[in-house]
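Please open the model in your viewer with the sequence panel beside it, and keep a selection tool at hand. The stops below are meant to be taken in order.

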Amino acid sequence: MKSVPLKPALLTAAITAACALPLSAAQAQDIKLGHVLAPTHSWNIAAEGFAKDVAEATEGRVNFQVFPSGQLGNEKTVVEGMQIGSVPAGVIGCGSFQPLDARFGIVELPYSWPDREHAYAAYDGKLGDALEDIADEHNMKILSWWENGFRHVTNNRGPITSPEDLAGLKIRVTPDKMRLDTFTALGSSPAPLSFGELYSALQQGVFDAQENPLAIIYSSSFSEVQDYVSLTGHVWAPACLTISNFTWNQLSEQDQAAVQKSADEWRDKQRAMTQKDDAELVAKLEEAGMQVNEVDTAPFNAKVQGVWADYADVFGPELMGLVEQYRKGE
């Protein structure tokens with residue numbers, strides 16, 4: 001009997017349907033997982049541990065392969081890839097979801113949390129649930145909320161002890177409007193740049209300053225190109241262990257449960273690593289030659305209240321209400 005070739009539309013539908021089917025128990029799934037940070041950073045250590053535990057729990061059916069240091073592209077590339085299914089998974093600084101949906105900017109609101117425990121409660125609770133629903137609208141599943149941590153300012157001009165010390169300072173910030181508006185309100189001259197280009201830009205004097213958590217400052221060797229660390233703590237930001245829905249839907253329910261269990265366990269372990277880093281890294285950065293100073297954050301907080309007002313309508317009353325609820329510990 002002569003075979004009849006499928007029409008292009010039917011062929012596309014057939015391929016899409018086949019891709020949506022869960023894998024059988026006998027099949028193995030190799031899943032690339034990308035992030036932009038160094039192999040020594042807690043994101044990578046936790047991602048490797050997560051991958052190992054998933055492989056064991058699924059008896060080799062699900063194999064996450066971790067690609068650090070931007071090997072799969074910058075965060076924008078990875079996020080866009082997960083949305084369309086060309087990149088299976090990633091650990092993402094959650095602010096990088098803003099180009100897909102402006103409501104994700106709520107994770108970047110300056111001085112949202114009095115401490116990390118309030119943030120953990122929010123993202124493991126109703127605020128996290130609401131943002132997970134938004135991610136699902138864009139074909140992504142947030143498996144668990146890891147930690148990027150409190151962000152601080154480094155620079156080559158001198159200690160930052162008041163907002164006035166930021167005046168005219170050319171500072172690299174993440175490429176999102178919230179961060180640009182925050183540092184504009186603080187009086188500096190912010191500009192975006194992808195993380196992979198940051199070290200060389202600091203080295204060449206293109207920027208005077210940058211802002212990141214201590215673990216990134218240390219693991220990225222910014223001590224070689226920056227002299228001062230000021231503990232501004234202007235943002236506590238989560239990281240998202242995320243998988244494309246196209247990849248997630250190919251896993252059996254049994255394997256999905258195993259992946260989720262490991263994601264939750266490594267969320268707690270990665271957070272513990274970040275807490276340990278924050279307790280130890282000030283001394284290590286000082287040993288590397290950086291001058292570290294404490295900061296009275298109240299004047300900085302006062303300067304950014306207009307940012308909260310400007311973005312209230314963008315995020316909407318539900319999300320803003322959840323932030324207020326959890327920051328008060330209710």
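**Before selecting anything**

This is a predicted model, in which local features need pLDDT of at least 70 and side-chain atom pairs count only at pLDDT 80 or more, while totals for chains, interfaces and linings use all residues. Residues are numbered from 1 along each chain as its sequence is written, and side-chain values use heavy atoms, with hydrogens and water left out.

**Stop 1: the whole protein**

Show the cartoon, in which the secondary structure comes to twelve helices and ten strands; helices (H or I, at least four residues) and strands (E, at least two) are DSSP runs numbered from the N terminus. The radius of gyration is 21 Å, close to the 20 Å that the globule rule gives for 330 residues, so the protein is as compact as a globular protein of that length. That radius is taken over C-alpha atoms, and the rule is 2.2 Å times the number of residues to the power 0.38. If you draw a box along the principal axes, the C-alpha atoms fill roughly 80 × 45 × 40 Å.

Colour next by accessibility: 53% of the 330 residues are buried, where buried means under 20% relative accessible area, exposed over 50%, and partly exposed in between (1.4 Å probe, protein chains only). The protein exposes about 14400 Å², of which carbon and sulfur atoms supply 53%; these areas come from the Shrake-Rupley method with a 1.4 Å probe. Among contacts (heavy atoms within 4.5 Å) between residues at least 6 apart in sequence, 75% join residues at least 24 apart.

**Stop 2**

Arg151 lies in strand E4 (residues 140–155) and Glu211 in strand E7 (residues 209–213), so the pair ties together parts that are 60 residues apart in sequence. Both Arg151 and Glu211 are buried.

Arg179, like Glu211, is buried.

Now select Asp124, Asp264, Arg267, Asp268 and Arg271, which salt bridges with shared partners join into one network. Then turn to Asp101 and Arg103, a salt-bridged pair with closest N and O atoms 2.8 Å apart. Asp101 is buried at a relative accessible area of 11%, whereas Arg103 is partly exposed at 28%. The count of salt bridges by this rule comes to 19.

**Stop 3: Thr274**

Which residues is Thr274 in contact with, leaving aside its neighbours within four places in sequence? Select Thr274 in helix H10 (residues 253–287), where the residue is buried with a relative accessible area of 4%. Its contacts, with those neighbours left aside, are Ser42, Arg116 and Glu147. For Glu147, 127 residues away along the chain, the C-alpha atom is separated from that of Thr274 by 7.1 Å.

**Stop 4**

Move to Phe67 in strand E2 (residues 62–67), which counts as partly exposed at 21% relative accessibility. Not counting residues up to four places away in sequence, Phe67 touches Lys32, Leu33, Gly34, His35 and Leu72.

Ser69 is in the loop between E2 and helix H3 (75–84), and has a positive phi of about 60° although it is not a glycine. Most residues other than glycine have a negative phi. Ser69 counts as partly exposed at 44% relative accessibility.

**Stop 5: Asn139**

Finish in the loop between helix H5 (126–137) and E4, where Asn139 lies. Asn139 has a positive phi of about 65° although it is not a glycine, and is partly exposed with a relative accessible area of 31%.

Technical notes:
Salt bridge = Lys/Arg side-chain N within 4 Å of Asp/Glu carboxyl O.
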